[in-house]
Structures are given as structure tokens and as C-alpha cells.
Amino acid sequence: MHELSIATSIVKTAEKEVQDNGGEQVLEIFLEIGKLSGVELQSLYFIWELCTNETVLHYSKLTITEPEGIAQCAECETEFALEKIYDSCPKCNSPFKNIISGKELKIKKLIIN
Amino acid sequence: MCVTCGCSSDENEVKIIKVDAKIVQHSHLHNHGNGPHEHNHSHDHDHEHHHHNHNHNHIKEIDLEKNILHKNDLLAERNKGYFEAKNIFAINLVSSPGSGKTSLLERTIADLKNEISFTVIEGDQQTTNDADRIAALEVPVIQINTGKGCHLDSEMISKAVKQLSPKDGSLMMIENVGNLVCPAMFDLGENIRVVIISITEGEDKPIKYPDMFYGSQICVINKIDLLPYLKFDMEKLKDYAKKVNPNLIFFEVSAYTGEGMESWYNFLRKSLKK
């Protein structure tokens, strides 16, 4: 249940940003959590309310975008959709690749007042 | 319940316990959710004054673009710098519970402690059982009890390391909480991550829990003394693991009989010299 750590890290960052910017609360928060990031969104939603209760995120609207996994083959440079982290290149079957999208774990934007 | 600040939240309490052959000291960290906190909680008490009354509407958009785990990553970098400055080689040992991490450590330390100085950090949700086993070998060890936490993080390591003050040029063994999922996301500042799998777990662990194998550089396959008794295909396991991480280096060992341990030891000796 590392989603708990994820949620509490988000709360800590949001509290600091609100404080640094002289705000009161977060109205909206935008997260980017890639499909290969290892975070279960269902679990994150499940504990979100619990973790944000009585924090600056208590009433904020949560928007999560989920970038798809994309890799580039290290041998033939083909770009391909990576559904599982262990997918090999569909063209040359090489397991060597660079993941270019899908591992994101980011707070993109906060709207505070 | 913490004596220092009077905080009584039991939830997810983290304890760092120095285990000594003779003395057992206590020191703790605690938190309200996850990871040790730093006594700087800003529970915006002003929220009690109804802010809607103020009627000011300063809406501000902050383009943060910040990694969610940036605090962990930042502290991991600091740990890394500390290890580098002291010429310490740090290994993060990860696996599912019961794969033999502690047995591997015990055997390794017992066989090498005359030539290598070890420092050990043990991570478990509860008990000092593992640290007690290591303390019996008379090497410095600290037990981190993560409470409800399912992984070690870089802040726990930073605090534990301060208490341990490891020797220059030593080998730091960090035994993570037995869990093939969560520890994968948390960089501790280690030099390498070693995933241990025992042959009783089946060949397909690497593709069932790919993140852990993807993030590790070394794979130690333990309990090979049981090969004659199991239906287990070593090549199949390696194929699966290499599919996830083609750069993975394997060691086949039995921490129980000692078979295959010498090449693992040579790897440790070589890593320490670098």
C-alpha cells in the first residue's frame, strides 16, 4: 500500500506550496500518474479522502491524467506501445529499450486561493 | 506515543531501534500517515476562522511539475553523497517475505566479517528478530520498524545512518521490508539494488512483480539446495527476469549450504574496491 506514501507526499507538498504562496487552500490539483508508474489508481482514490481530510486538499478537485506506456527499442529504435514493462520490441524482439512515457509520477499543477 | 513531543498517533509509527549485543536503546520517529515527520507540522489552525468571511479571491495557479516523491529522492541523493564521501558501498536488499534475505546476510557476514566491515539496517513492520540475528554476529545493526508502512524510505535510512555512524570503506547492507511491490518505488540512495528470489517461489515471479526486477541490478537466486526436490526450471526463471530487465546479473546460491556463495562474495569484494 505505497499509495498511502504517495498520498501523504502529495499532501505535504501541497501544504508547503499553499504556505509559501500565502494561500489558504487548494481548489484544484492536477496529477500525472503514468500507467507503468506502479501506482494503483483505485488504491489512491480509496485513501485520498482519508489522507486529505482537514488538510489544504480537503475540498480540492482532483484530476489525474494517465500517460500511456511508450518505449523506444535500444536496438532498432522503433517506438512502440508498452503495455507491460517487460514487453519486447514488436519489430526486432529485443528486450532492451528506453521507456519514454508511462513512468510519470508528478504533481503538474495546483490552483490555490 | 512519543515522549519527545507528546504526539500520540499510533498510526504508522516508525521506530528506529539500535540493537546491541548487550544494550538495547530506543529512539523513535513517528508520523501521522507515512514516513517520519520532522516536527514541523503546519496544521493550519487558522482554518478555524471561517475564511469565507474574508471575501478575498486571490486564485493562483502554480505550475509545479514536481515529482510526487521528490522529497524521498532528495534525501536519497543526500544519503548517496554521504555514502560516497565515506567510501561506503550500500546495498538495498529486496524480496518477498521468506526468500532468505536475513539468512543470506547472516552467512555473508559470518564468512566475510574478518575482511570486510559491515553495517546493517534491518527493515520490518514489527519486531527486532532480524536485527537480533545480525547483532549475534557482532556487527553494528539498527532495526527500523515501519509500523504499518510497507517499505523503507530515504528519510528512515538517513536517520538510521546517523545513529549507526558506519566506518569509512564499510559495506552497508539495507534489508528492506519483505515485499515485492512497494519498496520498488523508493530510492534509498543505495549503490545497487539486489532482488532475492528463492526457488520455492516459482519461476514467474519476475513477470508477476516486474517493477522490482526492473529496478534491480542484481538477482540472487536462493535455496538452490532444494533443486532436487522441486519442479523448478532455472532457465525459465532467468528468461522471465531477463525479459523484464535484460541487464540483470544472476547469482545462484544456497545461504543454507553455502553453495555458490563464493561468486557472490567476489562480487561484494570487487564492488567495495571500486
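Me: How many residues does the largest nonpolar core have, and which have the most contacts inside it?

Reply: Good place to begin! Keep in mind that this is a predicted model. As a general idea, nonpolar side chains in soluble globular proteins tend to be buried together. Here the largest nonpolar core has 34 residues, and B:I91, B:L171, B:M173, B:V194, B:V220 and B:W264 have the most contacts inside it. Helix α8 (residues 261-273) of chain B supplies the largest share of this core, six residues.

Me: Which residues is B:L171 in contact with, leaving aside its neighbours within four places in sequence?

Reply: B:L171 touches B:F89, B:I91, B:I116, B:S117, B:F118, B:T119, B:L268 and B:L272. Another core, of 30 residues, lies apart from the largest one, and its members include A:A14, A:L31, B:I62 and B:L64.

Me: Back to α8(B). At roughly what angle do the axes of α2(B) and α8(B) cross?

Reply: For a helix pair, look at the axis distance and the crossing angle together. Helix α2 (residues 101-112) of chain B and α8(B) have axes that come within 11 Å and cross at roughly 70°. Angles of 65 to 115 degrees count as roughly perpendicular, so α2(B) and α8(B) are roughly perpendicular to each other. On the α2(B) side the contact is made by B:L104, B:R107, B:T108, B:D111 and B:L112, and on the α8(B) side by B:M261, B:W264, B:Y265, B:L268 and B:R269. Sorted by class, that contact has six nonpolar, one polar and three charged residues.

Me: Now the sheets. In what order do the four strands of the open sheet stand?

Reply: The four strands run in the order β2(A)-β1(A)-β6(A)-β3(B), with mixed pairing. β2 (61-65) of chain A and β3 (60-67) of chain B are at the edges, each with a single partner strand, so one side of each lacks a neighbour in the sheet. From one strand to the next, the twist averages 15°. Inside the sheet, β1 (residues 26-33) of chain A runs parallel to β2(A), joined by five bridges, and A:F30 stands opposite A:T63.

Me: Which strands does helix α1 of chain A lie across?

Reply: Helix α1 (residues 3-20) lies across β1 and β6 (105-112) of chain A together with β3 of chain B, at about 40° to β6(A).

Me: And how is the three-strand sheet of chain A paired?

Reply: The pairing is antiparallel, in the order β4-β3-β5. β4 (79-81) and β5 (97-101) stand at the edges, each with a single partner strand. Strand β3 (residues 70-73) of chain A pairs with β5(A) over four bridges, and A:A71 stands opposite A:I99.

Key
Residues numbered from 1 in each chain as written. Chains lettered and ligands numbered in written order. Predicted model: local features only at pLDDT ≥ 70, side-chain atom pairs only at ≥ 80, totals over all residues. Heavy atoms only, no water. Pairing = 2+ DSSP bridges. Helix = DSSP H or I, 4+ residues; strand = E, 2+ residues; numbered from the N terminus. Axes fitted to C-alpha atoms, helices over the stretch in contact; angles between N-to-C directions. Contact = heavy atoms within 4.5 Å. Core = buried A, V, L, I, M, F, W, Y, C linked by side-chain atoms within 4.5 Å. Buried < 20%, exposed > 50% of the residue type's maximum accessible area, 1.4 Å probe, protein only. Parallel < 35°, antiparallel > 145°, perpendicular 65-115°, else oblique. Nonpolar A, V, L, I, M, F, W, Y, C, P; charged D, E, K, R; others polar.
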